[in-house]
Amino acid sequence: MTSHKALEGVTVVELATFIAVPAAGRILADMGANVIKIESPSGDNLRYTAPTEGRPLDQHENTSFDLENANKRGIVLNTKTEAGKKILFELLEKADIFLTNWRPGARERAGLDYETLKQRFPKLVYASVTGYGDEGPDKDLPGFDYTAFFARGGILGSLYQKGTVPMNVIPGLGDHQCALGLVSGVLAAYIRAKNIGQGEYVSTNLLHTSIYTQAIMIQAAQYPDYGQAYPIDRRTTTSPFILAYKTKNDRFIQVCMPVYDAYYPTFISCIGRPDLAEDARYTRLQEVAKNNRSPELYDLIWQQVEQKTASEWADIFTQNDIPFSIAQTWEEVLADKQAWAINTFYNMKYKNGSEKALVRPPIDFLESGLPEYRRGPLLGEDTPSVLAELGYSAEEIANLEANKDVMTWKE
């Protein structure tokens, strides 16, 4: 029996660049939606980021672009010309969902703000991601996850070892979380539109997403008389049972035992100090904190963990049901058998003979199965077919291209 994808028959128009919104479009495409990605003649900037990621720049083997744009169709429109804008509105006429990451001011100037579009397309679900939101003094600032998510949101200023420097950040971490939030809102709004025939504006932003991901500790920061203000020295943190420790072979192993008292006797024994299993100085976290014994217990655990390799500790912790994980490198993650077993990766075979592991979005459907993984479209690759579906003849498409209203992929 042929499986039926959840969003088959749904049309999505995407007018967005870089990561957050295209990632949401990719998820919807995996769910079966017909996602039409609109690019300017210069193309989505994500097509050209390979050098900053340490990989070769090759449009025929573009792993980052494929990650965010697989299973979509691509058209190039010059939305600044009358003919280009006319095509955009013809696409929106057939669309159920519109995705964009244009800033509020730019949308208004182009007549693509929600209030304007809903007059023409009252059933349209309009979805947006920005750096800082649609209101407030900073709504039109350029926003990337390095700035709006990591820095402005409080991660870089708080979550680093006191006395050192913030961590080296990477692209996409905040964007992908925004994408998941946007998709959940889009699907709810689409159901609403189907039920009552009325569209909706759905939005999220990098700043709010960052604050939400850290909400437990940001809320706790309102109690200055309790705990420690971040950044902290990990050695003096209240519980040494939620930290990473260095092993004999210079690897780090992360443990997580938030209920300290319950784990203490087992953990202290399995790291080679059973003599302390009933030592009243350490058995209760309340006593450890009150008497400021965290640093001495941290030093003790560090000393013990340094005596064995990461693989030796992995065996011991597994046997004793201690929650842990070896801190893996990206190269190790690519070879992780468990990750492959749960279909985290897809082995993409490019036409040039190269094979690369590409990451799938973390959403699985049992009945409709894994989505196929078609590479992202080359720049303007689907322009002719998309225009033909709108009723344009081959001659009209050629004229549009000659007038630079549209563009088709050329090798």
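The largest cavity in this predicted model has a volume of about 120 Å³. Its lining comprises 13 residues, and those lying nearest the centre of the cavity are Asp30, Pro361, Ile363, Phe365 and Pro371. When the lining of the largest cavity is divided by class, seven residues are nonpolar, five are charged and one is polar.

A search of the whole structure for cavities of 30 Å³ or more returned two. The second largest cavity holds about 60 Å³ of space. Its lining includes the residues Gln59, His60, Glu61 and Asn62, together with Phe65 and Asp66. Arg47 and Tyr350 also line the second largest cavity, as do Arg375, Gly376, Pro377 and Leu378. By class, this lining is divided into four nonpolar, four polar and four charged residues.

The packing of two helices was also examined. Helix α7, which spans residues 145-152, packs with helix α10, which spans residues 206-213, at an angle of about 35°. The axes of α7 and α10 lie 8 Å apart, and the crossing of α10 by α7 is right-handed. On the α7 side, the contact is made by Asp145, Ala148, Phe149 and Arg152; on the α10 side, Leu206, Leu207, Thr209, Ser210 and Thr213 take part. The residues of this contact comprise four nonpolar, three polar and two charged. Asp145 and Arg152, both contributed by α7, are charged residues, whereas Thr209, Ser210 and Thr213, contributed by α10, count as polar.

Conventions. Residues are numbered from 1 along each chain as its sequence is written. This is a predicted model: local features need pLDDT of at least 70, side-chain atom pairs count only at pLDDT 80 or more; totals for chains, interfaces and linings use all residues. Side-chain values use heavy atoms; hydrogens and water are left out. On a 1 Å grid over the protein atoms alone, a cavity is a set of points where a 1.4 Å probe fits but cannot get out, and a pocket is an open set with protein on both sides within 12 Å along at least five of seven lines; lining residues have an atom within 4 Å of a point. Grid points are joined across faces, edges and corners, and a volume is the space filled by probe spheres set on the points. Axes are lines fitted to C-alpha atoms, for helices over the stretch in contact, and angles run from 0 to 180 degrees between N-to-C directions. Helices (H or I, at least four residues) and strands (E, at least two) are DSSP runs, numbered from the N terminus. A crossing is left-handed if the near helix is turned anticlockwise from the far one by less than a right angle, and right-handed if clockwise. Contact means heavy atoms within 4.5 Å.
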